[in-house]
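User: I would like to learn how to read a few features of a model. Please give the general idea each time, and then the case at hand.

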Amino acid sequence: MSKRVAVLTSGGDAPGMNACIRAIVIACEHLGYALIGYQHGYNGLINQEYESLSLNATHNLIQQGGTILHSARCEAFKSVQGAKDAARNLNTLGIDTLIVIGGDGSFRGAEHLSQYWPGQILGIPGTIDNDVAGCDATVGYYTAIDTAVSSIDKVRDTADAFERIFLVEVMGRHAGFLALNAALASAADYVIVPELFESEDAELKSIAAQIEARRQLKGPVSFIVVVAENVWPGGLSTLAERLSSQMQSEVRPVTLGHVQRGGSPVSQDRLLATKLGTHAVALVETDKNKVMVGEVNHKPVEVPLKATWENNKPLDDCSLSTMRITMNNRY
Ligand SMILES: Nc1ncnc2c1ncn2[C@@H]1O[C@H](COP(=O)(O)OP(=O)(O)OP(=O)(O)O)[C@@H](O)[C@H]1O
Ligand SMILES: O=P(O)(O)OC[C@H]1O[C@](O)(CO)[C@@H](O)[C@@H]1O
């Protein structure tokens, strides 16, 4: 049976969203489904802003960062009226299946829509934060680690030259996946993540002890602390001031910011995006509904949308024990 499928990207854009759109276009073409792309996240659903997507759209797309459909946050969609407007517009176009590429907030939005629209809704995890339960990795996460690592490598050059303490803030919203793994891969000296944060005093004491121990061993040294965003009360400059006065040393704060969302996706994100996009389209004629497609241990999984935000996604034990030995408790 010929189906009409729609796709949108929502929330923070992530490298690999385009690779995912490409896979969806090709898989729909393969199965003879019509495909449209809604623009600007859920705003496109409310404003009936869409384009039809064919193979033409996929040329040279896999390597492009950002999203050709544009992304956005949409406050209006959270209301009953917003979801009803979206449902009406989907019905007008005769859409059978809506594929939402985004983070856990976007999946909450999809669940909200399902109360007013009877069609099939499928989610694909796309966010640099990796804070979506039920999958090992979200599309965009691996590229963001690489981007943060290459920036921290550069910070290290100047940190070493001046034997300074640097604080590097990375994104992640309220999760420490990006901070922890960027810190591990860049051989940072210390990492502060929300999952382990106890108190300002405890962290400061621990950082100071590490710096002192290193200085005793090696004399003047540089020291790099990776800090997850939103974790330090008052932000990075407050931490810099407190550490500077405690250590009687210069401390420089660096916020990496939105560069972490950009750039050409690394191969891990391209592969994940391509597999998940293809897998989602393969579900169109099944009775699977309100599920996110993801990967766990390299195998496809289908997870109820609700489980993606109701369940906790912990940092993995192996990364944490590696972190304790090579970073935070090293000296
Ligand atoms: N509880 C909710 N009810 C209805 N819609 C929601 C809800 N939460 C989020 N949304 C919709 O999903 C959009 C995206 O959510 P959000 O801003 O949390 O980003 P996200 O998908 O979690 O991605 P990222 O974390 O990468 O930015 C929101 O702007 C809103 O339109
Ligand atoms: O682009 P905005 O709306 O400032 O959002 C920034 C947030 O989005 C993300 O980049 C992705 O969720 C977070 O890491 C960050 O907290």
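User: What share of the 331 residues in the protein chain is buried?
Analyst: A residue is called buried if 20 or more other C-beta atoms lie within 10 Å of its own, exposed if 12 or fewer do, and partly exposed in between, with C-beta atoms placed from the backbone. Here buried residues make up 47% of the 331. This is a predicted model, in which local features need pLDDT of at least 70 and side-chain atom pairs count only at pLDDT 80 or more, while totals for chains, interfaces and linings use all residues. Residues are numbered from 1 along each chain as its sequence is written, and chains are lettered from A and ligands numbered from 1 in the order in which they are written.

User: What is the mean pLDDT of the protein chain?
Analyst: pLDDT is the predictor's confidence in each residue, from 0 to 100. The mean for this chain is 97, and 100% of its residues reach 70 or more. For the complex, the predictor gives an ipTM of 0.99 and a pTM of 0.98.

User: Which residues of helix 6 are buried?
Analyst: They are Phe-177, Leu-178, Ala-179, Leu-180, Asn-181, Ala-182 and Ala-183. That is seven of the nine residues in helix 6 (residues 177-185), so the helix is largely enclosed by the rest of the structure.

User: What do the buried residues of helix 6 pack against?
Analyst: Packing is read from contacts: two residues are in contact if their C-beta atoms, placed from the backbone, lie within 7 Å. The partners of helix 6 include helix 5 (141-162), strand 6 (165-170) and helix 11 (317-326). After helix 6 comes Ala-187, with a positive phi near 55°.

User: Is Glu-212 buried or exposed?
Analyst: Glu-212 has 12 other C-beta atoms within 10 Å, so it is exposed. Glu-212 sits in helix 7 (residues 200-218). Its C-alpha atom is separated by 9.1 Å from that of Tyr-331, 119 residues apart along the chain.

User: How many residues surround ligand 1?
Analyst: A residue is near a molecule if its C-beta atom, placed from the backbone, lies within 6 Å of it. Ligand 1 has 19 surrounding residues, and Gly-11, Gly-12, Gly-103, Gly-105 and Thr-127 are the closest. Helix 4 (residues 104-114) gives the largest share of this shell, six residues.

Technical notes
Helices (H or I, at least four residues) and strands (E, at least two) are DSSP runs, numbered from the N terminus.
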